[in-house]
Amino acid sequence: MNASAISRGIILFGHGARDARWAEPFERLAHKLRVLAGPDTRVSLAFLDLMTPDLPAAVAAQVAAGCRSITVVPVFFGQGGHVRRDLPLLLDACRTAHPAVDIRGAVPVGEDDAVLDALTAYCLRQLAG
C-alpha cells in the first residue's frame with residue numbers, strides 16, 4: 001500500500017506493561033480493525049509506559065504514511081489520571097508537532113455503552129458456564 005492511499009489513521013492507546021504478552025489482545029484488536037477499516041486507514045498501537053512505540057512516535061509514523069486525520073482511542077476502562085491528565089498533554093504535543101493534521105482523542109473504550117453491553121454479555125456467558 002502506498003502512502004498516498006492512506007488518508008486516516010486510528011491509534012489504539014494503552015498503558016503498556018513489562019510483560020510483552022499483555023499487548024496480545026491489543027494486537028488482535030488492531031488486526032481486526034485493519035481488516036474491517038479498509039486500505040485507506042492505518043491502524044497502529046501506542047503505549048504510555050513500558051512499551052513502544054509511545055504516542056508521539058505512533059502519530060509521527062502515521063503522518064509519515066500520509067494520514068491527515070488521526071483518531072486516538074484510549075483502550076482504558078475508565079478515565080483515571082492517565083486519560084484525564086497524561087493523554088491531553090500528549091495529544092497537545094502531537095498537535096503542535098503536526099499542525100496540518102487533525103488529531104483527536106476519543107473517550108476511553110470502557111465508557112462506551114456498546115462496549116459495556118459486550119462486557120455484560122461476556123459476564124452472563126460466564127455464568128452460563
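I started at Leu116, which sits in helix α4, residues 113-128. The model I am reading is predicted.

Entry on Leu116. I looked up its accessibility and found 31% relative, so Leu116 counts as partly exposed. I then checked for a surface patch. The cut-off for patch residues is over 30% relative accessible area, and Leu116 has 31%.

Entry on the largest pocket. I noted a volume of about 160 Å³. Which residues line the largest pocket? I listed Phe77, Val109, Gly110, Ala114, Val115, Ala118 and Leu119. I sorted this lining into six nonpolar residues, one polar and no charged.

Entry on salt bridges. How many salt bridges are there? I count three.

I took Asp19 and Arg21 to begin with. Their side chains meet at 2.6 Å, N to O. Asp19 is partly exposed at 35% relative accessibility, whereas Arg21 is exposed at 57%.

I went on to Arg85 and Asp86. Their closest N and O atoms are 3.5 Å apart. That separation passes as a salt bridge because the rule asks for within 4 Å. Arg85 is exposed, at 51% relative accessibility.

I ended with Asp92 and Arg95, whose closest N and O atoms are 3.1 Å apart. Both lie in helix α3, residues 81-97. They are three residues apart, about one turn of the helix. Asp92 is partly exposed at 43%, and Arg95 is partly exposed at 32%.

Notes
Residues numbered from 1 in each chain as written. Predicted model: local features only at pLDDT ≥ 70, side-chain atom pairs only at ≥ 80, totals over all residues. Heavy atoms only, no water. Helix = DSSP H or I, 4+ residues; strand = E, 2+ residues; numbered from the N terminus. Buried < 20%, exposed > 50% of the residue type's maximum accessible area, 1.4 Å probe, protein only. 1 Å grid on protein atoms, 1.4 Å probe; cavity = no way out; pocket = protein on both sides within 12 Å on 5 of 7 lines; lining within 4 Å. Points joined across faces, edges and corners; volume = space filled by probe spheres on them. Nonpolar A, V, L, I, M, F, W, Y, C, P; charged D, E, K, R; others polar.
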